[in-house]
Each structure stands twice: as C-alpha cells, then as structure tokens.
Amino acid sequence: MTSIKDYIVVKNAIPEKVCKDIISNIEKDKPWEKHWWYDSVHDLKYTKKTKELDVLSITDELSKILNPIVNDAYKDYVNKFNGSGENTKNFINFFTPVRFNRYDVGTKMRKHFDFIQSIFDGQSRFFIPYKGIPILSLVGVLNDDYEGGEFVFNDNHTLKFSAGDILIFPSNFMYAHEVKEITKGKRYSFVSWGF
Amino acid sequence: MKDDEYKFYYWGPYLYHTKVPNEIGTEMLRRGELLKNKKDTDYREMLAGDIRHEYVFSKEDRKYFTMNTMSLFNSYMVGLNDWSHVSKVLDTRVLKVFDLWINFMQPNEYNPPHTHDGDLSFVYFPKVPKELSEEGNAYKGTGSGPGKLEFAYGEKQTMVVTGHSFLPETNDLFIFPSTLKHFVYPYKSNVERVSISGNINFEDYKGKPLPIPMNYD
C-alpha cells in the first residue's frame, strides 16, 4: 500500500466568479466529446460503452484567464517539494493546456494513473505530441453543487473539494485515482499535466 | 498423432456485426420521426434505395450518434488492425461521421446493389418488427430471402466466400468498408422497418495547442 501525502490542495485558487463564468462559457454550444482511453497495444483511442464523462479542449479566450492561475498552483507545488541542489529545482518546465471534464449523473472517471507516456513521446498520432514525461497532475474544481463524484486516491484516500480548489499530485503509478459516479447534479473540473 | 500445423490467411473486406444499446435506438428513432416534418430533410435524391421515406439527420443528430456509438467504431478499428494489419488503420487519427440518414422501409421497398462514400460505412437497425423474422424464416427459395441485408465481394467463385447475408434484428449494427457492395431485399409483411446508415472518414487531428512554459518569477 502506498502512502498518499505528496499532494497539495490550493484552496480558493480560482475566484468564484471565474468558476461561474467558465462553466457558463463551456456550456454554450461547445464541442464536448466523450472521454477516451488509449490502447497502447493497438495504438487506438477508445471510449467505454457506459459511464464515460464528457471532455472539452480549452479555447484561447479561457486560456488567458486560467493559465496564470494554473501556473501559480504548479509553482506552489514545485516550491514545496523543490530540492536544495541546482539540478533538483523547478522540476517542471511546461504544462499542457487544460482540458475540461463534465460529469453528468451516472458518469465517473475510472481508476487510473497519469503516467501517460503516449501523449509525451513527441510523435503521438492521436494526441497532441508533447516531448517529455508527465511529472505532475493538476485538477481544478469549478463547482461543488453535486452529489457523488468523490475524488479517491488508491481506493481509500478520499478528498473533499470546494469550488475553486486546485489539486496537484505526482503523475506516477503511486497515485492511482478515480472520480466516483455522480448521483445528483453536474460536476465540472479541468485537468492539466506538468512536464 | 500430431496435429498438422498450418497458417490461415484472411482475405477480403472486414465486416463487423454488433449490437447498439436499446436506449440509443429509442433516441435515434425519436429524432428520425422529427425529420419527417422538417424542411429539406428528404434525402432520396442522394440515395440508391427505392424507399419513400428517407431523411438526412442534422449535425446535432450526428453528434449525438457519434458520441454514443464511437466505442463500437473504435472496436471495429481494433478488430481490423488485429485481423488485417491494413496500413491505413495505423494512420488513423479521428473517425468522423460525415453523413447520417434514416430509412423508414415499407413492404415491397428495397435497396439495390450499391456502395457508399468515405472510408467506412454502416447500417444500423433500431426497429425490426418480428413479422420480418417470420417471413424471412418461412422463405423456401435458394436466394437470400425477403428482408435480408446482403454483402457481396467480387464475382462468385468455387470454394471462395464472396458474400454474406443477414436477416437483421432490432439493434443490429453492421460496419464495413464503404466500397463493399451491399443491398437489401424487399419484404411483403405489412410492417415498417427502420434502418439508419452513414459514412465515416478518417481525419487527421488538426488542432495542436502548444504547451505553456512555466513562469517561476
């Protein structure tokens, strides 16, 4: 069993008005699609038949608002865990544009970890090809007026968020996580990876 | 006695038969019924069939269908890759349904032999009355029989499989290369059978949002 302690939650990182404005913006006629997984054996992306959430890429307009907030949250994490030596400081150089997640009633995020090398190989066909390895995972929480949808690390470490919180944790296999099924309302969040 | 060892080489088009969840069929039928009363949805001039009620779905309908069935099409691609190692599969990035229509088929209507546009095509049957099973099973002739969906690949040859035919059931989905010739036989039962067809293209991923450099200042 792993020990889940190397994460941070930046409380109220996203102002309430920004959360509401973003939800309003992304609900207006945007090209949401079903969340997909990657089959590395067949080099294909696929969607599970049931309970998949919806995902949406960010626009330039919203990037201008969220990127500084996301940058500062990553910086908080890096500052907390920075090593003392020259080569152990500032251990991420980039982060990916955020992707929005929308969970309707009956949907969830299945347990997984974020060491998704396929995105970061610099030549991915299905994904935006970044070069590097995913080091940090970031989840921004845009609302809390829903039921269910608990964020759980490794089956037994449950986190409770408020709208505006940002969670950051290591992307590696020690930090498997999931979002439980939504039972009431809609859950809006966004994700990004630092590398 | 030791079993003989051999290799078996697959050949021809990859035809995939699966089921679509019932609730998706219910929703597509509801959307299809609405098309009957809309302007500019009559699609007969674009299609091969001798079918009085054929309507094209809207972009929103295509989106609903795509979001709820894409796992099946991805499954087709996995199977195709496993089975044939077609190089085009390896270049695939996004599957896009660019054409989608609905056929409300009545007795004595039919679809003659034809092919489709695009890379992949499909035929989906959200409503097949039980009378068609009874009529199809009662057929005594040497052909495929009433109401059958038939796929044909090349000319008939001895000891070569050049076709498959099916008596569709509710929720059946057939996915196949768009160039595969297929046709639908008429039936006599006084019932309506509803099918939905469409075409899919492989498309490259176009957007490439750049990573954002960290600012530690």
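Which residue stands opposite A:F151 in β12(A)? The residue across from A:F151 is A:L159. Keep in mind that this is a predicted model.

**Chain A: an aromatic pair**

- Counted over all chains, there are 26 aromatic pairs.
- One of them brings A:F151 back into the story: A:F151 and A:F161 form an edge-to-face pair, with 5.8 Å from centre to centre and 65° between the planes.
- This pair links distant parts of the chain, since A:F151 is in strand β11 of chain A while A:F161 is in the loop between β12 and β13 (166-170) of chain A, 10 residues apart.
- So A:F151 has A:L159 opposite it in β12(A), and the ring of A:F151 pairs with that of A:F161, because ring centres within 6.5 Å count as a pair.

**Chain A: the helices**

- Helix α1 (residues 16-26) of chain A meets helix α2 (residues 60-81) of chain A, with the axes coming within 12 Å and crossing at roughly 160°.
- Angles over 145 degrees count as roughly antiparallel, which means α1(A) is roughly antiparallel to α2(A).
- Is the crossing of α1(A) and α2(A) left-handed or right-handed? It is left-handed.
- From α1(A), the contact uses A:V18, A:I22, A:N25 and A:I26, and from α2(A) it uses A:E61, A:L62, A:I65 and A:L66.
- Sorted by class, that contact of α1(A) with α2(A) has 6 nonpolar residues, 1 polar and 1 charged.

**Chain B: the helices**

- Over in chain B, helix α1 (residues 22-35) and helix α2 (residues 59-84) pack at an angle of about 170°, and their axes are 11 Å apart.
- That angle makes α1(B) roughly antiparallel to α2(B).
- On the α1(B) side the contact is made by B:E23, B:I24, B:E27, B:M28, B:R31 and B:L35, and on the α2(B) side by B:E60, B:D61, B:Y64, B:F65, B:N68 and B:T69.
- How do the residues of the contact of α1(B) with α2(B) divide? There are 5 nonpolar, 2 polar and 5 charged ones.

**Chain B: the sheet**

- Chain B has an open sheet of 4 strands too, in the order β4-β9-β6-β7, with antiparallel pairing.
- Its edge strands are β4 and β7 (163-166) of chain B, each pairing on one side only.
- Neighbouring strands of this sheet are turned by 10° against each other on average, direction ignored.
- Strand β4 (residues 111-114) of chain B is joined to strand β9 (residues 181-184) of chain B by 2 bridges, and the two run antiparallel. Here B:H114 stands opposite B:H182 in β9(B).
- Strand β6 (residues 149-152) of chain B pairs with β9(B) over 4 bridges, in the antiparallel sense. In β9(B), B:K181 is the residue opposite B:A152.

How values were computed:
Residues are numbered from 1 along each chain as its sequence is written. Chains are lettered from A and ligands numbered from 1 in the order in which they are written. This is a predicted model: local features need pLDDT of at least 70, side-chain atom pairs count only at pLDDT 80 or more; totals for chains, interfaces and linings use all residues. Side-chain values use heavy atoms; hydrogens and water are left out. Axes are lines fitted to C-alpha atoms, for helices over the stretch in contact, and angles run from 0 to 180 degrees between N-to-C directions. Angles under 35 degrees count as roughly parallel, over 145 as roughly antiparallel, 65 to 115 as roughly perpendicular and the rest as oblique. A crossing is left-handed if the near helix is turned anticlockwise from the far one by less than a right angle, and right-handed if clockwise. Contact means heavy atoms within 4.5 Å. Ala, Val, Leu, Ile, Met, Phe, Trp, Tyr, Cys and Pro count as nonpolar, Asp, Glu, Lys and Arg as charged, and the others, Gly among them, as polar. Two strands pair if DSSP finds at least two bridges between them. Rings of Phe, Tyr and Trp (its six-membered ring) pair if their centres lie within 6.5 Å; planes under 30 degrees apart count as stacked, over 60 as edge-to-face and the rest as tilted.
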